[in-house]
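Keep the viewer open while you read.

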Amino acid sequence: MKIADLDIQPVMLYLPDTPYWVNRWKDGKKHFIASGVTDLIEVAGVYGEGFGIDGTHEYNLDNPTGHHKIGVGYTAGFLSMYVMYNVANVLPNSHFMFLEDDTRFNEGWLEKLSEELKNVPKDFDFLFVGSCCSAGKPNEHIAGDVYKFNAPYYPMGGNCYIVAKKALPHIIATQRDAYAPADINLCLHTFPKLQVYAILPRLVEQKNNNLPQ
């Protein structure tokens with residue numbers, strides 16, 4: 001779909017394996033279409049239990065002696081995003097909008113996004129349309145509601161963001177160790193070499209999840 005002057009391919013992650021996930025996926029798809037999302041591609045994610053996944057890598061950054069493991073769900077989510085990035089990398093579009101099935105667009109989001117994309121530098125790599133945990137983090141105001149973030153301070157969240165195709169090889173190369181949730185892993189290993197921006201306040205919410213700004 002065309003947003004501003006960008007050729008953006010929407011890509012939705014979903015899980016088809018249980019009634020709970022099937023219903024989430026179908027509700028999400030209906031909402032996206034009703035909200036103006038066109039040409040949606042659906043990518044089936046990794047079903048942790050069905051694939052026999054056991055998240056064994058430890059996340060010890062906050063507590064080096066805690067030996068915390070992110071477990072099946074977060075590991076499967078990490079792998080699912082890795083699948084999505086590889087799918088996008090072989091498609092012809094210049095940009096991709098990644099969506100989770102419980103993403104919910106705020107009213108007027110498409111018009112606002114079209115407006116704010118004019119304020120985003122043309123060479124951007126990663127743009128948070130929906131985000132969390134940005135409050136209080138240093139940033140550079142670009143124009144309008146667009147802000148630039150630099151290492152080590154980045155927003156988080158994975159429910160809606162736009163990635164330039166030129167950034168995908170770097171994302172794929174640096175997302176190879178599933179020891180942290182996907183959004184944290186991006187902050188730690190990928191974002192420092194990318195041009196990362198966010199639209200604040202965010203243009204989308206996450207159903208049944210009261211995320212902090």
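The points below go from the whole chain to strands, helices and salt bridges.

1. Ground rules first. This is a predicted model, in which local features need pLDDT of at least 70 and side-chain atom pairs count only at pLDDT 80 or more, while totals for chains, interfaces and linings use all residues. Residues are numbered from 1 along each chain as its sequence is written, and side-chain values use heavy atoms, with hydrogens and water left out.

2. Overall size. A compact globule of 213 residues would have a radius of gyration near 17 Å, and the chain has 17 Å, so the two agree. (That radius is taken over C-alpha atoms, and the globule rule is 2.2 Å times the number of residues to the power 0.38.) Along its principal axes, the C-alpha trace spans about 45 × 40 × 35 Å.

3. Make-up and cover. I get six helices and 13 strands; these are DSSP runs numbered from the N terminus, helices being H or I with at least four residues and strands E with at least two. Buried residues account for 48% of the 213, where buried means under 20% relative accessible area, exposed over 50% and partly exposed in between (1.4 Å probe, protein chains only). The chain exposes about 10,100 Å², and carbon and sulfur atoms supply 54% of that; the areas come from the Shrake-Rupley method with a 1.4 Å probe, and for residues only the protein chains shown count as cover.

4. Contacts along the sequence. Take the contacts (heavy atoms within 4.5 Å) between residues at least 6 apart in sequence: 77% of them join residues at least 24 apart.

5. Strand E11 deserves a look. In E11 (residues 160–164), five of five residues are buried. Cys160, Ile162 and Ala164 point one way from the strand, while Tyr161 and Val163 point the other way. As a reminder, side chains in a regular strand alternate between the two faces of the sheet.

6. Which strands pair with E11? E6 (residues 95–100) runs antiparallel to E11 and is joined to it by five bridges, and E8 (residues 126–128) is also antiparallel, with three bridges to E11.

7. E6 has another partner. Strand E2 (residues 6–14) pairs with E6 in the parallel sense over six bridges, with Leu13 partnered by Glu100. E6 is mostly covered, with five of its six residues buried.

8. Helix H3. The 19 residues of H3 (residues 71–89) should span 27 Å at 1.5 Å a residue, and the end C-alpha atoms are 28 Å apart, so the helix agrees with expectation. (The expected span is 1.5 Å times one less than the number of residues.) Its buried residues include Phe78, Met81, Tyr82 and Tyr85. For reading that list, an α-helix has 3.6 residues a turn, so residues three or four places apart point the same way.

9. Helix H6. In H6 (residues 182–189), the buried residues are Ala182, Asn185, Leu186 and Cys187. Their cover includes H3, E8 and H5.

10. Salt bridges. The whole structure has eight, a salt bridge being a side-chain nitrogen of Lys or Arg within 4 Å of a carboxyl oxygen of Asp or Glu. Asp101 forms one with Arg24, with the closest N and O atoms 2.7 Å apart. That pair links distant parts of the chain, 77 residues apart: Asp101 is in the loop between E6 and strand E7 (103–105), and Arg24 is in helix H1 (residues 19–34). Asp101 is buried at 4% relative accessible area, whereas Arg24 is partly exposed at 23%.

11. Lys166 and Asp125 meet in a salt bridge at 2.4 Å, N to O. Lys166 sits in the loop between E11 and helix H5 (168–174) and Asp125 in the loop between helix H4 (109–117) and E8, 41 residues apart. Buried or exposed? Lys166 counts as exposed at 52% relative accessibility, while Asp125 is buried at 7%.

12. One more pair. Arg202 forms a salt bridge with Glu205, the closest N and O atoms being 3.0 Å apart. Arg202 is buried at 8% relative accessible area, and Glu205 is partly exposed at 27%. Elsewhere, salt bridges that share partners join Arg24, Asp101 and Asp102 into one network.

Notes. Two strands pair if DSSP finds at least two bridges between them.
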